[in-house]
Amino acid sequence: MFHEEEWRVRRFGRCTTSSSQDAWFPDPARGTEGLAHQRRQAAEACARCPVQYECLILALDHEINEGVSWGIWGGVCARDRRQAIEHATERHHGTPDARDVAQDLLVNLSPQAVDRIA
Ligand code: SF4
């Protein structure tokens with residue numbers, strides 16, 4: 001379930017006006033190519049979204065504190081967010097701060113990163 005704050009952020013996001021909102025929740029039943037296409041669509045829109053940073057923080061905060069990980073948030077898929085949290089946990093020898101993890105992820109996001117997500 002979304003929290004109220006998550007809805008508020010996404011309300012200003014590009015995903016709310018996209019005609020293909022499914023892209024943010026890739027469906028494994030679509031197969032490897034379909035999945036890659038969905039992820040690429042979402043990541044490209046997120047890269048131009050005015051609330052990308054806030055969106056990614058919310059997702060990371062949710063995952064760090066509640067262990068729930070799904071969908072693409074801030075242009076980053078669940079697998080990459082989990083990996084970033086694991087690396088930050090090792091680096092800090094404890095629970096990382098969502099803002100630090102978000103900054104690390106966004107610094108590394110580039111067109112190449114979008115290809116890697118797909
Ligand atoms: S960053 Fe992406 S998922 Fe987040 S609100 Fe913007 S378009 Fe939606």
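1. Of the protein's 118 residues, 32% count as buried, where buried takes 20 or more other C-beta atoms (placed from the backbone) within 10 Å of a residue's own. Keep in mind that this is a predicted model: local features need pLDDT of at least 70, side-chain atom pairs count only at pLDDT 80 or more, and totals for chains, interfaces and linings use all residues. Numbering starts from 1 along each chain as its sequence is written.

2. On to the fold: the protein has six helices and zero strands, with helices being DSSP runs of H or I, at least four residues, and strands runs of E, at least two, numbered from the N terminus. Read along the sequence, that gives α-α-α-α-α-α.

3. Now the ligand. Its shell holds 15 residues, and the closest are G13, C15, C46, C49 and C55; a residue is near if its C-beta atom, placed from the backbone, lies within 6 Å. Helices α1 (4–11), α2 (31–47) and α3 (52–66) each bring at least two residues to this shell.

4. Helices α4 (residues 78–92) and α5 (residues 98–108) pack at about 120°, their axes 10 Å apart. Those axes are lines fitted to C-alpha atoms over the stretch in contact, with angles from 0 to 180 degrees between N-to-C directions. The pair is therefore oblique, the word for angles that are not under 35 degrees (roughly parallel), over 145 (roughly antiparallel) or 65 to 115 (roughly perpendicular).

5. Who touches whom there? A84, I85 and A88 of α4 meet D100, V101, D104 and L105 of α5, contact meaning C-beta atoms, placed from the backbone, within 7 Å.

Notes: Two residues are in contact if their C-beta atoms, placed from the backbone, lie within 7 Å. A residue is buried if 20 or more other C-beta atoms lie within 10 Å of its own, exposed if 12 or fewer, and partly exposed in between; C-beta atoms are placed from the backbone.
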